[in-house]
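Please read them with the model open.

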Amino acid sequence: MMEWANRYGADLIQAIITHLYYVLIPVALGFVIAVILGVLLSRVPKISGYILPVLSVFQTIPGIVFVGILFLYVGMVPATVLIALTIYAVFPILKNTYVGLLNVDEKVKEAARGCGMSPLQILIKIELPLAMPNIFVGLRLSTIYTVSWAVLAAMIGLGGLGDFIYRGVGTNNNMLILTGAIPAAILALSLGALVDWIQKRLTPRGLGGKRG
Amino acid sequence: MIEIKNIVKQYNGVPVINNLNLTVNDGEFVVLIGPSGCGKTTTLKMINRLIEADSGDILINGKSIHELNGEKLRRNIGYVIQQIGLFPNMTVEENICVVPKLLKWSKEEMSQRTHELLELVHMPYEENAKKYPNELSGGQQQRIGVLRALAAKPPVILMDEPFGALDPITRDTLQDEVKALQKSLGITIIFVTHDMDEAIKMGDRIIFMDKGVIQQDAAPEEMLRHPANEIVRNFMGKHSAAYRSQGEDMTCESLMKKRVYTTTENRKTLECIEMMSHREVDSLVITDESHHFKGVVTIDMLKSEGVAGESVGKVMRTDYPTVHLQDEAHKAFDWLTKTNLPYVLVVDNENVVKGIITKTSMSKALASVVWGDQG
């Protein structure tokens, strides 16, 4: 055990930090892009009925292919990984934001109009808060997916926990595989829990979530 | 004053409002009623510009509603909808203060107003202000919906079937509360419903619409007595019928109780007392063998005048009031109120006893006139 810690300890901490960096930045960027796009698409549900299925096709392109293609154009820089992961992080949040906004009760929106709210006020004060539970479902999915997709960074030699896994697979060293895989799993679970915690803090009691 | 002038509205070339003209005075409670698709909700929503008319104009206190933008206009007109429409992400207090907040009232003003309003519906501030809508009952939610409309003290409130989703008892209470609030605050309410009971109860004036046209504009009493045409009469159905039959169509036969305890005049007094106690009544109707009316005997008469072993024929009262089957109900009611007797007897042409009319039957008949036939 000590031997393991001595051999991989420093590398492991470095890899976790890199990995986190590959998760948090794409998820944060993806979140902003997705919510904006979700709001825009929800204003034109007729057109969105065609746009969303097209976007979901992109989602089915394997990450490994996409990173590979980007690598050809952008090169062996972290930006390649960040761009790829951001694009992947967008879709779950986008879809859930869109669904959440469309599910806001028409009667509630009518009441808001009847009270004299402008469309922007209705969006900010009523629609987004009411879509919040859905948006968080999307955020949670994106976060957990991104932890696993970030493993691909190692494929083009950019570090992260994937490093251990690729090296372990290459050298038939199970210990090495687990050194990458177990922290990655723990990372996914704890980031998921973090999202849940934020959601509980932000969801008003009136939406059925329990506070504190 | 609200003046609706020559309003026309079409959807896909189909006219839903056809050159509508209507004036609503300050402090009036006007009910728009009619079958679904008659244009009543469309008319209501055009007043606060949730729906824009194709042509014509609406003036509020002489000013066209198009002088302000729609949002500013709606902040000055209260609006209550069916299914409540409270904002689930806001507390009771936040819901009430939506419009004051849009009008940029100060925190103190808003808090004071919330206290005042919750007071009006007997929901103490401390207990209720911080609750979320899903923590309130349906009736309480709709009360808050009404308060939200009242919050910024608008002179006019529009209500679109506000009590449709409530149970009958809660609806009844809320109708009373809203009517009382309207009177005490002196506000103008335009109220859409498809329920004639509600319209009669709430309205100072009822506007009956069908196919985008006003069919009749009258006080509830007037509409009940003289429906303008067949459409109005059919819609009002039982209400109108009950009104017309008051004292005219209603016969003694229609409201008598058919179960009468009778006996014959040769029965002995003690037997009769035994029968009364067995049936838990204090009088018996005396007939001959073929049920022809002879008289009435009560327990008091038997006690004071009866001799044991004598036949009741000797004690009975023979001048007891009777009415004929086809007599107007009025006649029976007059007897009951004038003489203070517990009932009058209903007989047919041959003087055969057919039923009795008690004070209870009288109150039931009156209730059916007032509230419609409850079966």
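1. A salt bridge here is a side-chain nitrogen of Lys or Arg within 4 Å of a carboxyl oxygen of Asp or Glu. Glu110(A) and Lys45(B) form such a bridge, with their closest N and O atoms 3.4 Å apart. The count of salt bridges between chain B and chain A is one. Bear in mind that this is a predicted model.

2. Now the rest of the interface. Contact joins 25 residues of chain B to 23 residues of chain A. The area buried between chain B and chain A is about 2000 Å². Carbon and sulfur atoms give 61% of that area. Six residue pairs are in polar contact between chain B and chain A, both residues being at pLDDT 80 or more.

3. Which elements of chain B each supply at least two residues of the side that touches chain A? They are helix H2 (70-75), strand S6 (77-81) and helix H4 (98-102). By class, the side of chain B that touches chain A has 12 nonpolar, five polar and eight charged residues.

4. Back to Glu110(A). Within chain A, Glu110(A) also forms a salt bridge with Lys107(A), the closest N and O atoms being 3.9 Å apart. Glu110(A) and Lys107(A) are three residues apart in helix H5 (residues 106-114) of chain A, so about one helical turn separates them. Glu110(A) counts as buried because its relative accessibility is 9%, under the 20% cut-off. Lys107(A) has a relative accessible area of 24% and is partly exposed.

5. A network of salt bridges links Arg43(A), Glu106(A), Lys109(A) and Glu127(A).

6. Chain B has a salt bridge between Asp176(B) and Lys201(B), whose closest N and O atoms are 3.1 Å apart. Here too the pair links distant parts of the chain. Asp176(B) is in helix H8 (residues 168-185) of chain B, and Lys201(B) is in helix H9 (residues 196-202) of chain B, 25 residues apart. Asp176(B) is partly exposed at 41% relative accessibility. Lys201(B) is partly exposed at 31%.

7. Next, the aromatic rings. Seven aromatic pairs are found over all chains. In one of them, Tyr21(A) and Tyr22(A) are tilted, with 5.7 Å centre to centre and 40° between the planes. Tyr21(A) is partly exposed at 38% relative accessibility, whereas Tyr22(A) is buried at 3%.

8. Tyr88(A) and Trp149(A) form a tilted pair as well, 5.0 Å centre to centre with 55° between the planes. Tyr88(A) is in helix H4 (residues 78-102) of chain A and Trp149(A) is in helix H6 (residues 119-149) of chain A, 61 residues apart. Tyr88(A) and Trp149(A) are both buried. Ring pairs link Tyr88(A), Tyr145(A) and Trp149(A) into a cluster.

9. Last, one residue of chain B. Thr263(B) sits in strand S11 (residues 262-264) of chain B. Thr263(B) is buried, with a relative accessible area of 7%. Beyond its neighbours within four places in sequence, Thr263(B) is in contact with Cys272(B), Met275(B), Leu284(B), Val285(B), Ile286(B) and Thr287(B).

Terms used:
Residues are numbered from 1 along each chain as its sequence is written. Chains are lettered from A and ligands numbered from 1 in the order in which they are written. This is a predicted model: local features need pLDDT of at least 70, side-chain atom pairs count only at pLDDT 80 or more; totals for chains, interfaces and linings use all residues. Side-chain values use heavy atoms; hydrogens and water are left out. Contact means heavy atoms within 4.5 Å. Buried area is the accessible area (1.4 Å probe) that two parts lose on being put together, summed over both. A polar contact is a pair of N or O atoms within 3.5 Å; within protein, one must be able to donate a hydrogen and the other to accept it, and residues adjacent in sequence count only if both atoms are side-chain atoms. Helices (H or I, at least four residues) and strands (E, at least two) are DSSP runs, numbered from the N terminus. Ala, Val, Leu, Ile, Met, Phe, Trp, Tyr, Cys and Pro count as nonpolar, Asp, Glu, Lys and Arg as charged, and the others, Gly among them, as polar. Buried means under 20% relative accessible area, exposed over 50%, partly exposed in between (1.4 Å probe, protein chains only). Rings of Phe, Tyr and Trp (its six-membered ring) pair if their centres lie within 6.5 Å; planes under 30 degrees apart count as stacked, over 60 as edge-to-face and the rest as tilted.
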